[in-house]
Amino acid sequence: MALMMNGLGVSKGIAIGGVHVLHRNSLEVYERIIEQSQIKSEIQRFNSAIKRASQQLKKIQSSIPAGAPKDIASFIESHLLMLDDAMLSSAPIDIIKENRCNAEWALQLQRDKLIAVFELMEDEYLKTRQDDIDHVINLIQKMLYDQKYEVEKEIQTLRGSIVVADDLTPADTVVLQHQSIAGFITELGGPLSHTAIIARSLGIPAIVGVQDARQLLKNNEQIIIDGAEGMILAGVDEKTIREYKHKRKVQKDERRKLQTLRDVDAKTRDGISINLQANIELTEDTKTLKPSGAMGVGLYRTEFLYIDRDEPASEKEQFSAYKKVIRALKGLPVTIRTLDLGAEKEFDPKYKGPMVQNPALGLRGLRRSLKDTELFKCQLRAILRASVYGPVRIMFPMITSEDELFSSYRILDQAKQELLDEGTDFDPDIPIGIMIEVPAAALLAQRFAKQCDFLSIGTNDLIQYSLAIDRIDESVNYLYDPLHPAVLKLIHLTLKAGEKANIPVAMCGEMAGDPRYTRLLLGMGLKNFSAHPATLLEIKSIINTCRIDKLEKPIKKILSVTTSPAQIHILVDELNNTF
Ligand code: PEP
Ligand code: MG
């Protein structure tokens with residue numbers, strides 16, 4: 001009998017294959033009080049387990065195939081660092097000594113303590129990192145339980161299978177990658193879990209959060225998974241399998257066809273050139289730009305130079321990161337956004353500011369930079385110095401008033417003057433732009449447009465602030481709507497302001513990379529899109545089939561709707577199906 005199950009589709013694509021269930025329940029932890037005389041040998045047993053866990057991970061690390069996504073290596077690296085950290089390598093030893101408990105129990109007590117700290121974190125991404133603690137602790141527990149345990153032996157030949165597991169560790173995924181598996185299903189995990197991140201970068205269809213998947217799906221049975229829909233079909237007949245095989249072929253052909261657009265210009269059928277650029281976060285991301293056909297970087301998020309470290313990156317380190325990106329772009333422009341810390345990007349272990357109730361409304365983005373002008377100037381100096389290696393633009397995030405812009409210019413001037421005094425080269429005419437992410441900035445876009453060289457609409461925050469919904473609060477996700485009439489109005493105001501002042505307006509929020517909105521945005525007058533490299537070719541394929549002159553009338557109608565977002569959704573669907 002056919003069975004349909006649903007989960008969260010985190011990596012699109014269709015996979016058809018036999019199920020391979022990985023049964024790897026957490027080990028039951030055996031709790032025992034030991035004799036004083038056994039403490040020494042128990043500590044030795046624990047140290048030996050840590051050592052073997054580390055050797056295993058290093059072995060797997062050395063077998064990461066060339067070209068594997070960098071996420072895999074960095075996850076394994078972070079697990080190795082955890083094994084080395086006192087919180088795992090020595091705290092359990094103190095517990096063994098103080099409480100006279102066996103190593104497994106001590107480790108479990110330490111785990112509970114660490115997880116309790118993670119539970120209190122508000123940052124969703126950091127919260128998901130408690131999986132890492134569990135993965136590493138589980139590995140040590142296995143080493144304590146079985147001296148001969150090996151990750152690789154646990155995963156047999158799985159070529160072409162759809163792997164069903166409770167959860168997957170980064171080490172699992174390296175081993176699995178050698179096996180060319182067809183798809184992943186996990187019971188745990190969310191859109192930011194390892195399985196999700198890695199499956200996306202490998203292009204393997206994956207569905208997470210499927211309750212009881214290991215019980216409901218039987219080994220070797222043929223199933224179909226549709227990663228875009230988050231749907232699993234089991235017990236299906238030949239006809240359905242044929243249908244999905246056809247669908248899979250169509251999708252593959254479409255992906256291949258998109259590749260042919262890489263070197264084609266993005267130009268509408270009525271001859272309007274559109275600038276497609278990429279959003280990047282790490283210097284290594286520049287590798288993804290060529291295959292995406294990006295004409296530059298429209299948003300380089302620089303937060304990684306500050307997050308998860310004890311000290312922010314020095315001017316030297318920042319300079320070399322920026323220079324690396326600029327050089328990799330070989331003459332294409334790079335828009336470097338200054339530090340946007342705060343809210344969901346909070347991190348700073350040394351931050352001494354008050355704990356606030358609403359960090360998204362707190363000291364974030366440019367406000368934060370203006371409070372710590374030395375930090376800000378250090379970043380500006382690094383960007384200016386790097387600007388001699390290629391075209392660079394500076395962009396300020398989270399601006400709400402002209403005063404903030406003027407204060408930023410003052411610090412920029414100081415940085416320039418310092419460099420001049422030192423005899424250090426930089427581009428004196430470096431263009432300066434701001435992000436329009438707060439309704440106040442959109443409403444004042446005409447004023448801002450006179451004071452800077454470009455604007456860039458950050459819809460992720462603009463939507464959050466216009467509709468008063470925390471973008472990382474799952475309970476209000478359903479209200480997050482790029483097509484809300486108020487949001488469209490603010491976007492339109494910004495585009496018009498740029499047009500009037502004759503300066504470019506870009507969009508670098510997620511909306512720019514969502515093909516459902518491409519026609520709408522083109523019709524509203526957007527000519528500069530900046531999005532995740534993976535979506536750029538699809539956006540280009542839509543642009544190249546559109547005529548902007550034909551979009552004007554339906555767009556006017558959409559913008560006249562002020563009552564119901566639902567009505568706008570219908571009109572945008574119509575727009576997508578007609579043009
Ligand atoms: C945005 O807010 O749309 C944006 C691009 O910035 P971030 O997602 O980094 O806040
Ligand atoms: Mg933002």
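Author: Let's take the sheet, the metal site, a helix and a pocket in turn. First, some ground rules: this is a predicted model, where local features need pLDDT of at least 70, side-chain atom pairs count only at pLDDT 80 or more, and totals for chains, interfaces and linings use all residues. Residues are numbered from 1 along each chain as its sequence is written, chains are lettered from A and ligands numbered from 1 in the order in which they are written, and side-chain values use heavy atoms, with hydrogens and water left out.

Reader: What is the strand order in the open sheet of 8 strands?

Author: Strands are DSSP runs (E, at least two residues; helices are H or I, at least four), numbered from the N terminus, and two strands pair if DSSP finds at least two bridges between them. Here the order is β1-β8-β7-β3-β4-β5-β6-β2, with mixed pairing. β1 (3–6) and β2 (8–11) each have a single partner strand, so one side of each lacks a neighbour in the sheet.

Reader: How many bridges join β1 to β8?

Author: There are 4, and the two strands run antiparallel. For instance, M4 sits opposite L233 in β8.

Reader: Which residues coordinate the magnesium ion?

Author: Donors are N, O and S atoms within 2.8 Å of the metal (3.2 Å for Na, K and Ca); water is not among the atoms, so sites may look incomplete. In this model, E437 (OE) and D461 (OD) coordinate the ion, ligand 2, at 2.0 Å. E437 is in the loop between β13 and α18, while D461 is in helix α20, 24 residues apart.

Reader: Is E437 buried or exposed?

Author: Buried means under 20% relative accessible area, exposed over 50%, and partly exposed in between (1.4 Å probe, protein chains only). E437 has 2% relative accessibility, so it counts as buried. D461 is buried as well, at 2%. By contrast, K316 in helix α14 counts as exposed because its relative accessibility is 66%.

Reader: What do the buried residues of α23 pack against?

Author: Contact means heavy atoms within 4.5 Å. Buried residues of α23 include L536, L537 and I539; the buried set packs against α12, β9, α13, α22 and β16.

Reader: Which residues lie nearest the centre of the second largest pocket?

Author: Rolling a probe the size of a water molecule over the atoms shows where empty space is left. On a 1 Å grid over the protein atoms alone, a pocket is an open set of points where a 1.4 Å probe fits, with protein on both sides within 12 Å along at least five of seven lines; lining residues have an atom within 4 Å of a point. Here, 21 residues line the pocket, with L289, K290, G293, A294 and L332 nearest its centre. β9 and α13 are the elements giving two or more residues to the lining.
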